[in-house]
Each structure stands twice: as structure tokens, then as C-alpha cells.
Amino acid sequence: MSHSPFVNLPDAQGYFGRFGGQHIPPELKAVMDDIDAAYEEIRHREDFQQELAELLADYVGRPSPIFHARRLSTKLGGAQIHLKREDLNHTGAHKINHCLGEALLAKFMGKTKVIAETGAGQHGVALATACALVGIPCEIHMGQVDIEKEHPNVTKMKILGCKLVPVTRGIATLKDAVDSAFEEYLKDPQQFIYAIGSVVGPHPFPKMVRDFQSVIGREARHQFLERHGCLPDHVTACVGGGSNAIGMFTAFLDDASVHLVGVEPAGEGLDTKRHSATLTLGKPGEIHGMACYVLEDDAGNVMPVHSIASGLDYPGVGPQHSYLKEVGRVDYQSATDAECLDAFLMLSRVEGIIPALESAHAVAWALREAPKLPADQHILVNLSGRGDKDADYVAHHLGL
Ligand SMILES: *Cc1c(COP(=O)(O)O)cnc(C)c1O
């Protein structure tokens, strides 16, 4: 066991310092404790580990490569920029890593149905994919408003054979989809399992999703050492709920020389109310069954959030990130919608890689910082996903 103050978390109650836990009704707590007990047993089983490792290799296409963005680095005239290519995974983003883990766990637990909500549809598509592969029925709840906005993802989910449940209550977006999916789940939590889409929610989900995503950083650390004989000086990733970032950071937490940077969406500006920079401007609170940083308005209500990247607009954030901010191990910064669009185009035109708008936030940080750093320093960017889903929107927005 490591003596690291960062790695052996959460504690048995699901806390990272004062963040995390199970801020839920007692009957739900019993259900979550069952999942935790099953997870702790199953994850150490050799048949589980072997099946997961095979699928990550032959189905997802891991390990994803690290690409040295030489033209971009030269153009900026500073530190060397390297990209961990999660965009090359099957389905085009990091989400498949934890969806496969969750679907496989469901199979090993003998569950008959996997239930989830989705906002923009990215989690829905990744989960429907994993459930098709593993052979478990999957039910995705999605707000009617989002269904009308996110046509390609809705179509993909239907093709993949999941049951798509349109949610018309409330304002028919993500929050209502969460409520609807949870109601369905509570009808039979013995037979069903809920699959959360990031390192959020009550314990054990922040831990489980982190464990499944940690393959990113384990690979990246090994790949970088092997290629360059040293660790990167800076490692950066975008933060919505925080799964791709924690997946990348976990392997580097004990490497004191590595500057870890989480990049939040500053939207139209930190001085406007149109952003989603939870760790930058929020304060400790509670949301979706966990203690974490939360963005609230002056009256103490959860703030309506905004980002050009729909995968980043969440008013809470993973409890482990909340802890890593508080103890100062990770530096949380932000990038605006405008910086993100610049980064999206720059990476597309200088390297021929179209990034997801979410990932473009981390690229934007690298573009901002690289020119200030010497040419023998290395920045490793987690490129969490590809930008095909955003291409039409960006082209329209920029009048291309
Ligand atoms: C969903 C998504 C994100 C944001 O989720 P995290 O849990 O913060 O990683 C980031 N990038 C891509 C490509 C996504 O699809």
C-alpha cells in the first residue's frame, strides 16, 4: 500500500477529506453499500480483470497513443505539447472506459438492466455501446428538449438497441432526466443498476468511475517515461464532472514534480453569470448525493450553468477534485468559450486533429502557457474526445 496522502482515498465512508460521502436517504444508502461491497469483491477477481483488460485492448483499442504535436509546439515557440489520444478510442472519447467497466460489473453482479440518464447524449451512446457488447438491456432517460437538440446521438442510441425514455416533466432537460431515471432504478435496485456518467454522485460511484478511468494516466505515465526518459512537467485535462481529468491525474498524484492542471469552462467570462467554473468560483456544498464544490447564485440556489461544451456544463464537480483543490495538489484554472474555439481551430489546422469542444479547453490552456515556458519542458494534454459531434456547430458559429 502506498503511503501517499492522495492515493488511498476515499475512506470506507466514501470521503475524500470532507468531500464525497453518501448524502442520500437511508434506504438508498443500503443500496449503494451493496454496490460497493460487490464492486470491492468483483474488481479483485482475475476473470473480471482479464475480461476488462481484453476488451480495453481489442474493443476500445487501448493503449491510446501519445502524439508529440511538433508543428504546434514550434509555432508557439515554447514548451513541447503532447496529446494523449483518448479521441482515438472506439466511440471517440474516454467515456467508453468507465461505461465498459460499469456494464461488465453489472454482468458480474447478475443485474438484468442498466439505467442511466444522459444530457447531450455522449454518456448515453457510450453506455448503450458497452451494454450492446456485454449483452445487458440498457435504458436511457433523456429530456425531450435534449432529444430534439441532439439528433445524431439519439439516432445512435436507437441503432445500438437501448430503450430511450423521453422525459417531458419539468423543463425536460438533464436534471429531469436524472429524476426520471432514478425513479425507474428505485423500482427494483436488486435487479437494476444505475450507471453514472462521471466521477460524481454518492459513494461508491466517484471511486468506481475513477478506477475505471485510471487506465489513461497509468498508460500515459509509462509511455512518457519510455519515450522521453522523464515525466512531463505539466499534465492538463478539462473538468466537467471530472472523470477524464481524474483518470489522467491519478497516476501522477505522487509525482511532486508534475504540475497538474484541471481546466474548467469559463464560458462567456468568469465575471459573467454564463460559465460553469465550479471549483474556480463555487463553494463547498452538496448536490446529487455528494459533498463537493457547487455553483450557487446569490440566493443560494444551484446556478444555471453554461459552456460552449455541453459535456462540461455541470454545477457540481467530483468530490476528489474538490479535495485536490483544497489540499493544493491540483491547480484548477479555466478557459473561455472564445479561447476554446481558437484552440479547436488551431489544433485542427496545425495538426489535423479536430478535438471535442470539451477537450479544446485543455488545449486552450496549453496554447496559453506553452509560449511562456522553455522549449525543454513538456506539457501533456489529455485529448478526451474527438470533435466530429461539434463540427457542424462550430462551422455554423464561425460562419465557415
Ligand atoms: C463528457 C465529456 C467530458 C466531460 O466529462 P468529465 O467527466 O469531466 O471527463 C470531457 N470530454 C469529452 C470528450 C466528453 O465527452
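Trainee: How many residues surround the ligand?

Mentor: The model is a predicted one. Lys-95, Ser-198, Gly-242, Ser-243 and Ser-384 are the closest residues to the ligand. The shell divides into four nonpolar, two charged and 10 polar residues. The number of residues that surround the ligand is 16.

Trainee: What percentage of the ligand's exposed area does the protein bury?

Mentor: The reference is the ligand taken alone, which exposes 380 Å². Of that area, the protein buries 97%.

Trainee: Are helices H1 and H8 roughly parallel or roughly perpendicular to each other?

Mentor: Two packed helices are described by the angle and the distance between their axes. The axes of H1 (residues 26–42) and H8 (residues 174–186) come within 12 Å and cross at roughly 80°. Angles from 65 to 115 degrees count as roughly perpendicular. H1 and H8 are therefore roughly perpendicular.

Trainee: How many of the residues in the contact of H1 with H8 are nonpolar?

Mentor: H1 contributes Leu-28, Val-31, Met-32 and Ile-35, which meet Phe-182, Tyr-185 and Leu-186 of H8. The contact has no polar and no charged residues, and the number of nonpolar residues is seven.

Trainee: Which residue does a cis peptide bond join to Leu-9?

Mentor: Most peptide bonds are trans. The bond in question has an omega of about 5°, and its proline lies in the segment before strand S1 (15–16). The residue joined to Leu-9 is Pro-10.

Trainee: Where is Thr-91, and what is its phi?

Mentor: Most residues other than glycine have a negative phi. Thr-91, which is not glycine, has a positive value. Thr-91 is in the loop between strand S4 (80–85) and helix H4 (95–108), and its phi is near 75°.

Key. Residues are numbered from 1 along each chain as its sequence is written. This is a predicted model: local features need pLDDT of at least 70, side-chain atom pairs count only at pLDDT 80 or more; totals for chains, interfaces and linings use all residues. Side-chain values use heavy atoms; hydrogens and water are left out. Axes are lines fitted to C-alpha atoms, for helices over the stretch in contact, and angles run from 0 to 180 degrees between N-to-C directions. Helices (H or I, at least four residues) and strands (E, at least two) are DSSP runs, numbered from the N terminus. Angles under 35 degrees count as roughly parallel, over 145 as roughly antiparallel, 65 to 115 as roughly perpendicular and the rest as oblique. Contact means heavy atoms within 4.5 Å. Ala, Val, Leu, Ile, Met, Phe, Trp, Tyr, Cys and Pro count as nonpolar, Asp, Glu, Lys and Arg as charged, and the others, Gly among them, as polar. A residue is near a molecule or strand if one of its heavy atoms lies within 4 Å of it. Accessible areas come from the Shrake-Rupley method with a 1.4 Å probe; for residues, only the protein chains shown count as cover.
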